[in-house]
Amino acid sequence: MDQKALNMKEICIGFNGVQVLKNIDFSLEAGQVCGLVGKNGAGKSTLLKIIQGLYRADQGSIEILGQDVRESHGKAFDSVGMIFQELSLIPEMSVLENVFLNYEIKEHNMIQTRQEECKVQEFMEKYNIHIDIYEKVKNLSSSDKQMVEICKAVLKDKKILLLDEPTAALDDEQAAKLYHMVSQLKENGISMILITHHLKEIIENCDTIAVIRDGIMTLHAGTKEVTMEKMIEAMLGQEQTDLSFARSISEIDKSRPVLELREVQTEAIRTPLSLQVYPGEVVGLAGLKGCGRTEIFRAVFGLDPLKSGEIYVSGKKLRLRGTTDAVKAGIFLIPESRRFQGLSVEHTIKFNIEIPLLKKLTKRLFLDEKEGNRTIDEYIRRMNIKSNSREDKVKSLSGGNQQKVVIAKALATDPKVLLMDDPTYGVDVGAKAEIMKIIDEFKKKGGAVLLASSEIEEVNQNCNRILILKNRKLSGELQNEDYLTVSQDKLAAAIQ
Amino acid sequence: MKKKFDIRQSIIYIAFAALFIIFSVTLRNVGVGFASVSNLMNILRQTCLVAVMAVGMTFVLGAALIDLSTGPMVACTSLICAIFVQRFGVAAGVCAGLIFGILAGMANGFLIAYLKMPPFIATLGTQTVFSGLARTMTNLQSVPITNQTFTKIFGGGNAGVIPSVFIWMVAVIVLGALLMYKMPFGRKVLAVGGNVTSARYSGINIEAIQMKVMVLMGFLCALAGILWAGRFGGGRYTLGEDSGTAVIAASVLGGTSMMGGVVSLFGAIAGALMMGMLDNALVMYGLSVYQQEIVRGLVIILAVAVSTVREKTN
């Protein structure tokens, strides 16, 4: 059978005049596993959405199992199943109920539980899975949930499975179990596309590799012909991003750290963790998703209680009972999600920036509006926040400008330590450079920054020192005093 | 500062004016007439108590919480206050009433802020408890207050031509407005209501704010209960008992969002006045008590509908 499971030709798609995918050719044989790799925003998820039929390509043709998508009026998409990163199961329902949700086997409108049972048991036996099908999904481990997801898709007769970061929430053993299942599915003729940032997993488990960079497929070849280096090069290219301002390089006074963690342990960080950040220093936290950077921030910002260990700011031991204590001590977090954690979008720019400043702005019980307005206007100017006035609602601003409001809010508290969790996520290149410049200025004034980013070049270009995180443990440290010593691929390889 | 006229925020004032005109015209020959000074004074006296509570409810809804236990809190306070006034005098009565309100608010706050119970469920529970408490306290008996000073200061009397309840209401509104719009507390409440995570990440102590808001609500319910006792000349388990829904309706009618973060304190007062006006007019139209309830219920539904539409179109 030489019929391809998936055959895409010259796919182009754009949004609002921005070309996202350009002339993508992609194919997948039946029973083949392809690893799809690329940076954030390269176009991976757009491609997956086209394969699922959620987006319609502006141009190009798609054949699924030999059936042209257009001719079949989209019916061909029914053979494609997405295994969601954020699992799509209903926690309060049993495994069985979840698997057949909305596809119940019915006779005379009555659900035939016996038949459903048989089908699921058969699947479980075939793939050697041991899950109680009457257990509620919420009581399952992440890896078992994933198995249930896959079971659900396979029983719906999906022939192409899309797996988006399937191992992000799994430990090594669970990941091995998952890949074992992948190989079994393969033998049964099911094709899979696998997205993951763990390049090693791709080399070990995929038949072919496809790399997308800026909407172009830069590599599409059999795994045997590809090396890790080649893959990273195809991913990052020779590109020099236009973050081209002169970073200030200064001697760092290492006599006393601004922020120091000594043997810190929380519910999430099991191995005691120590680190120091000195005045005028930007320290990067590099690692894959789930490496523990958010957990470190949560501990320092007083969101997760310490089980053991100590945190010091400028030599003073902190007692963190909550974020209030952290902010008081001069720590401020720029969280991962501006919309859910950073801002109250229904409120104005002024309202948002003033929230952590209320104490400072209060004179004899009342808020000093004039002083507040002066501060806000100064930050709007300094940060170049594009808006009509300080009374604009935050939701009316673009992503980049919203992020600048989050950073203004942090800087206005005059912190000693800035924790930045992916500060340029979903921000365009221009705003990105502006944000990095602001961080540089903060650092020059003696501030300490702990920076994590999902983009390794961002960590690389802005940090004096880079700590490598793996499995919620520090696994290495790279010196980067002049921002040049560490090469991109060295860093990319280090976090694998 | 205001760029354009916002119909959604002003709808309460427009509706208020429209109803006022309609009632004035259609009810001009009933009794002393709807728009007569004595009738309007009557409406005002009735509304003041709901308005006092609506100020508290504005903070509660602003913080994205809700309090269903307000009515029974008022009833309990009226009884406690009456018992203490009769036994130990005015000061003791007022203190006892207010202390009850603060404790009741603390109980609500504790359930919500520290036991993390959904505010709807928590206050539904305390509502039942307080309601039962009001009934058992005196075995359904009213407690009359014979102390003239008390009834004069709280609710019954007049300062010149101005009813004393009105003075109490204005004082509460002024203090509430300062707290909401000019002091940091109001901002924190709205920050918590607007996005609780972002408020926490800004260093706000969420639990403390939720606690304070529920205590404020309890305190104002107690004040309303004391005023009710003053107006009625005693405590009774039915006093203010069904004012809870009216208070929420008044706030929502006034432009306060049930989703939190967006409030209008003066709108809530207008909402309360409108509910009072409506009650008064329905009586003048000759509707029975039960028919009145139907209309009042429909108005509350309308209020929430308007608020929902308001949020959707926003």
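**Two chains and how they meet**

In this model, 20 residues of chain B are in contact with 24 residues of chain A. The whole picture is predicted, so keep that in mind as we walk through it. On the side of chain B that touches chain A, the elements giving two or more residues are helix 8 (184-194) and helix 9 (196-201) of chain B. What kinds of residues does chain B bring to this meeting place? Its side has eight nonpolar, eight polar and four charged residues.

Let's turn to chain A. You can find 17 helices and 24 strands in chain A.

How far does chain A reach along its principal axes? Its C-alpha trace spans about 75 × 45 × 45 Å. The radius of gyration of chain A is 25 Å, which agrees with the value near 23 Å that a compact globule of 496 residues would have.

Now back to chain B, to see how its helices pack. Start with helix 2 (residues 37-62) and helix 12 (residues 265-284) of chain B: their axes are 8 Å apart, and the packing angle is about 140°. These two helices of chain B are therefore oblique to each other, and their crossing is right-handed. On helix 2 of chain B, the residues making the contact include B:N39, B:I43, B:V50 and B:A54, while those on helix 12 of chain B include B:L265, B:A268, B:G271 and B:M275. Sorted by class, the residues of this contact between helix 2 and helix 12 of chain B are 13 nonpolar, eight polar and no charged.

A second pair to look for is helix 4 (residues 90-114) and helix 5 (residues 119-137) of chain B. Their axes come within 9 Å and cross at roughly 145°, and this crossing of helix 4 and helix 5 of chain B is right-handed. Which residues meet here, in helix 4 and helix 5 of chain B? From helix 4 of chain B come B:A104, B:A107, B:N108, B:L111 and B:I112, and they meet B:P119, B:A122, B:T123, B:T126 and B:F130 in helix 5 of chain B. By class, the contact of helix 4 with helix 5 of chain B has seven nonpolar, three polar and no charged residues.

Conventions:
Residues are numbered from 1 along each chain as its sequence is written. Chains are lettered from A and ligands numbered from 1 in the order in which they are written. This is a predicted model: local features need pLDDT of at least 70, side-chain atom pairs count only at pLDDT 80 or more; totals for chains, interfaces and linings use all residues. Axes are lines fitted to C-alpha atoms, for helices over the stretch in contact, and angles run from 0 to 180 degrees between N-to-C directions. Helices (H or I, at least four residues) and strands (E, at least two) are DSSP runs, numbered from the N terminus. Angles under 35 degrees count as roughly parallel, over 145 as roughly antiparallel, 65 to 115 as roughly perpendicular and the rest as oblique. A crossing is left-handed if the near helix is turned anticlockwise from the far one by less than a right angle, and right-handed if clockwise. Two residues are in contact if their C-beta atoms, placed from the backbone, lie within 7 Å. Ala, Val, Leu, Ile, Met, Phe, Trp, Tyr, Cys and Pro count as nonpolar, Asp, Glu, Lys and Arg as charged, and the others, Gly among them, as polar. The radius of gyration is taken over C-alpha atoms; the globule rule is 2.2 Å times the number of residues to the power 0.38.
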